[in-house]
Amino acid sequence: NVTSRTGEFHLKEFYSEEDVPIFILIDISASMKTLKRKASLQILYFLTLFHSKLGNRIQIIGFSGKVHHYAKTIKRENDAYLAFQWLQSIIHSNDDQNTNYKKAFDYLAKIHPKFCVTYWLSDFTYFDGFSSRYSFFRRWENYGIWIDSKETEEPLPFWFNIFQVID
């Protein structure tokens with residue numbers, strides 16, 4: 001105890017961690033074609049550049065039936081550009097029809113069991129099996145961003161027209 005040794009009162013200040021690890025998981029399965037894929041990639045680009053400007057470390061994981069992890073940590077815009085090129089090559093070579101959220105979740109729990117912020121970009125088809133992993137959901141700060149296409153949208157009530165769809 002510093003106070004008892006020096007005779008003066010000392011106060012230790014704790015600061016919140018500013019360099020938070022960010023994991024962005026993007027669904028690259030066959031259900032995410034055309035407009036859904038374009039929207040999810042635009043959101044991915046925005047989140048990556050936004051968090052790189054804040055000084056956070058970003059990891060990108062593409063998932064479908066398999067998990068594809070960009071091994072380098074993204075810290076700058078130049079790193080983000082290389083990661084986006086890698087993701088484009090993975091998307092074009094991917095032929096998986098199903099989305100396996102369990103495999104992506106288990107992979108993320110294995111590589112980073114501590115606190116992190118996760119963004120899940122998906123249409124959330126076949127989303128199940130997470131009750132056994134509830135402790136990780138409480139440990140991480142999760143954001144699910146649901147991507148849907150215009151073909152499946154219901155007509156909005158007239159009072160909702162003050163909002164616009166982001167294209």
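Five helices and five strands make up the secondary structure of the protein, where helices (H or I, at least four residues) and strands (E, at least two) are DSSP runs numbered from the N terminus. Along the sequence these elements follow the pattern α-β-α-β-β-α-α-β-α-β. The model is a predicted one, in which local features need pLDDT of at least 70 and side-chain atom pairs count only at pLDDT 80 or more, while totals for chains, interfaces and linings use all residues. Residues are numbered from 1 along each chain as its sequence is written, and side-chain values use heavy atoms, with hydrogens and water left out.

Of the 167 residues of the protein, 37% are buried, a term for under 20% relative accessible area with a 1.4 Å probe and protein chains only. Among contacts (heavy atoms within 4.5 Å) with a separation of 6 or more, 72% link residues 24 or more positions apart.

Strand 2 (residues 57-63) is largely enclosed by the rest of the structure, because six of its seven residues are buried. Its pairings, which require that DSSP finds at least two bridges between two strands, are listed here.

| Strands | Sense | Bridges |
|---|---|---|
| Strand 1 (residues 21-27) and strand 2 | parallel | seven bridges |
| Strand 2 and strand 3 (residues 67-69) | antiparallel | three bridges |

Leucine 25 stands opposite isoleucine 61 of strand 2. From strand 1 the chain passes through helix 2 (residues 34-54) to strand 2 in a right-handed β-α-β crossover, meaning that, with the strands pointing away from the viewer, the path from the first strand over the helix to the second runs clockwise. A hairpin of three residues then joins strand 2 to strand 3, and glycine 62 has histidine 68 in strand 3 as its bridge partner.

Conventions: Buried < 20%, exposed > 50% of the residue type's maximum accessible area, 1.4 Å probe, protein only.
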